Amino acid sequence: MQNNNDIKKTGIILFVMLCVCFSLPAQGARFSWRRYASKDDAWYRSEDGKRVAENILSFQDSYGSWPKNIDTAAKPFSGDRKDLHGIFDNGATTGEMRFLARAFRATQEPRYEGAFVKALDLILKAQYPTGGWPQSYPPGKGYSHYITFNDGAMVRLMELLREIANSSDYDFVDADRRTATRKAFDQGIDCILKCQIRVNGKLTVWCAQHDQIDYSPRPARSYELASLSGGESAGILHLLMSLDNPSPEIIKAITAGVQWYKFAKVEGIRLEWVNGTRTAVNDPTAEPLWARFYEIETNRPFFCDRDGIPKYDYNQIGKERRNGYGWYTDSGKDVFRDYEKWHQRWESLLLPETTKILAIIGDSTVCNYPDEGVRRGWGQFIQEYFNGPIEVLNSAKSGRSTKTFIQQGLWEEVLAQKPAYVLIQFGHNDSHAPEKPEATNAETDYADYLRQYIDQSRAIGAIPVLITPMYRRKFDEQGNIHDNLLPYADAMKKVAAEKNVPLVDLNTASEKLYLKLGQSGVLELANAPDDRTHFNQKGARAMARLVMEQLPQVEPSLKPHLKKQGEGDLFYGL
């Protein structure tokens with residue numbers, strides 16, 4: 001048991017430690033514009049106001065920006081100016097600019113105006129031709145040179161640019177610069193729309209970083225892999241929802257982003273400290289959370305240690321990263337709150353709430369391919385035929401058959417999207433040699449899997465449509481075309497008749513087209529000269545045309561949503 005002297009000594013030590021802690025500047029403190037936004041002109045002309053302004057000026061680097069995680073208002077910079085490196089994320093630069101603009105209006109001190117204009121010119125110069133901004137300027141050699149949504153960097157720059165363009169608070173900025181800020185803002189919006197990630201043809205949300213040339217998602221630090229961001233995407237949606245008179249493209253981006261937040265919420269867990277480590281514990285009553293990172297293809301939340309290996313259980317990563325990083329956020333709550341207000345304001349412009357998903361399942365002749373390659377699938381071009389409210393979800397995957405599409409969980413993911421229509425084309429991989437894992441027998445398991453797709457589609461209220469596999473482009477010496485897919489096409493026709501399902505006979509239609517074009521003509525459709533199965537863009541569009549010529553006839557409920565013949569040059573002949 002402690003004696004009185006020990007207790008007194010302990011009390012003195014604790015008192016001294018507290019005094020020292022409160023006398024030190026907070027580690028990681030940053031400049032806060034909110035602290036000064038409501039102060040009147042008299043304060044900005046006072047000695048306190050001038051002192052803060054001088055402190056801020058002292059931290060501006062040679063390019064025109066300010067460093068992050070430093071309270072640049074607290075005291076003047078006293079180090080080597082070569083060590084000053086400004087940045088755009090973590091709230092840096094934009095707050096200092098707002099302060100200096102306010103200080104200049106109150107005092108007319110030219111140095112405040114000069115520092116503000118220097119920073120503005122830097123922001124305009126830093127914008128990439130593709131419309132985004134790096135984390136800092138000049139761009140770094142690592143991930144900082146990517147378009148940076150991380151920590152709201154690009155969104156904050158754009159919000160400031162919009163203020164400068166539109167608010168009378170910035171009348172001191174010359175007309176040419178204000179015009180440039182409007183243009184930069186508009187280019188930024190265009191960049192945001194192009195960065196929004198599509199998965200199987202469906203818009204989702206954004207990554208924390210994107211490529212400054214092709215807009216693709218990019219990684220940052222070792223534990224920050226390319227992903228769908230449950231954090232940064234919220235700020236982007238807030239910016240889009242703040243726009244007046246949103247265009248159809250912006251409306252679509254917002255609607256898709258909010259739908260993703262509804263689908264991606266994590267329920268039934270909460271975070272608490274257990275033995276000094278943040279831990280996810282089960283709690284059915286917990287408020288929903290959103291993960292910082294989701295796998296792009298699977299939409300699964302993941303977590304990483306510094307080795308960069310994704311784990312799908314938060315409690316599996318080490319103490320250092322669990323305690324030192326924010327892996328979960330409640331940002332979706334604010335998204336839903338703002339969306340409700342936005343929806344009420346622009347209800348007359350919005351797409352009908354009855355927007356229907358048309359899902360496509362199939363193999364490599366159907367699926368989506370990246371722009372940089374030559375190969376294309378016909379499913380990539382179906383959306384172009386619809387005016388709305390049809391949203392095409394192309395879930396086809398290369399190498400899959402009726403069997404493996406189910407076995408690998410891909411069909412379950414499609415059903416979870418609650419499609420209104422499902423277009424089903426399989427056969428090319430089903431027809432592989434019997435020892436192959438994807439192979440099926442046309443009359444037995446192939447037909448049974450088709451029945452399963454039909455029954456499970458109807459169970460969720462969707463309309464299934466079967467599409468027979470197109471011919472392979474194989475000619476004999478006499479110019480006749482032969483294909484081993486006929487048994488699968490015939491089996492599909494039998495199932496369609498048995499189950500009373502609409503059927504598009506792409507097999508017969510493609511045969512007629514290939515015979516019309518001949519051996520030399522079909523080469524114009526090919527992905528490669530020796531590829532008799534896959535397509536380039538012209539070939540995939542030709543298959544899409546053949547599908548769409550029959551689809552509204554066999555399923556008339558789609559007719560009201562189609563573009564008129566000739567509109568957009570979609571129904572062109574060959």
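The place of proline 310 is strand E11, residues 310-311, in what is a predicted model. Proline 310 counts as partly exposed because its relative accessibility is 30%, and partly exposed covers the range between under 20% for buried and over 50% for exposed. Apart from neighbours within four places in sequence, proline 310 is in contact with Leu225, Phe302, Phe303 and Cys304. Glutamate 224 is 86 residues from proline 310 in sequence, while the C-alpha to C-alpha distance between the two is 9.6 Å.

**Helix packing**

Helix H7 (residues 153-166) packs with helix H6 (residues 110-126) and also with H8. The geometry of these two pairs is listed below.

| Pair | Angle | Axis separation |
|---|---|---|
| H6 and H7 | about 120° | 12 Å |
| H7 and H8 | about 145° | 8 Å |

The crossing of H6 and H7 is left-handed. On the H6 side the contact is made by Phe116, Leu120, Ile123 and Leu124, and on the H7 side by Leu157, Leu160, Leu161 and Ile164. By class, this contact of H6 with H7 holds 8 nonpolar residues, no polar ones and no charged ones.

H7 also passes H8 in a left-handed crossing. Here H7 contributes Met154, Met158, Leu161, Arg162, Ile164, Ala165 and Asn166, which meet H8 residues including Arg178, Thr181, Phe185, Gly188 and Ile192. The contact of H7 with H8 has 10 nonpolar, 3 polar and 3 charged residues. Leu161 and Ile164 of H7 take part in the contact with H6 and in the contact with H8.

**Helix H9**

Helix H9 (residues 232-241) is mostly covered, with 8 of its 10 residues buried. These are Glu232, Ser233, Ala234, Ile236, Leu237, Leu239, Leu240 and Met241. What covers them includes H7, helix H8 (175-195), strand E5 (228-229), helix H10 (248-264) and helix H12 (331-345).

**Hairpin of E6 and E7**

Strand E6 (residues 269-274) pairs with strand E7 (residues 277-282) in the antiparallel sense, over 6 bridges. Valine 274 stands opposite threonine 277 in E7. The hairpin has 2 residues between the strands, and asparagine 275 takes a positive phi near 55° there.

Notes: Residues are numbered from 1 along each chain as its sequence is written. This is a predicted model: local features need pLDDT of at least 70, side-chain atom pairs count only at pLDDT 80 or more; totals for chains, interfaces and linings use all residues. Side-chain values use heavy atoms; hydrogens and water are left out. Axes are lines fitted to C-alpha atoms, for helices over the stretch in contact, and angles run from 0 to 180 degrees between N-to-C directions. Helices (H or I, at least four residues) and strands (E, at least two) are DSSP runs, numbered from the N terminus. A crossing is left-handed if the near helix is turned anticlockwise from the far one by less than a right angle, and right-handed if clockwise. Contact means heavy atoms within 4.5 Å. Ala, Val, Leu, Ile, Met, Phe, Trp, Tyr, Cys and Pro count as nonpolar, Asp, Glu, Lys and Arg as charged, and the others, Gly among them, as polar. Buried means under 20% relative accessible area, exposed over 50%, partly exposed in between (1.4 Å probe, protein chains only). Two strands pair if DSSP finds at least two bridges between them.
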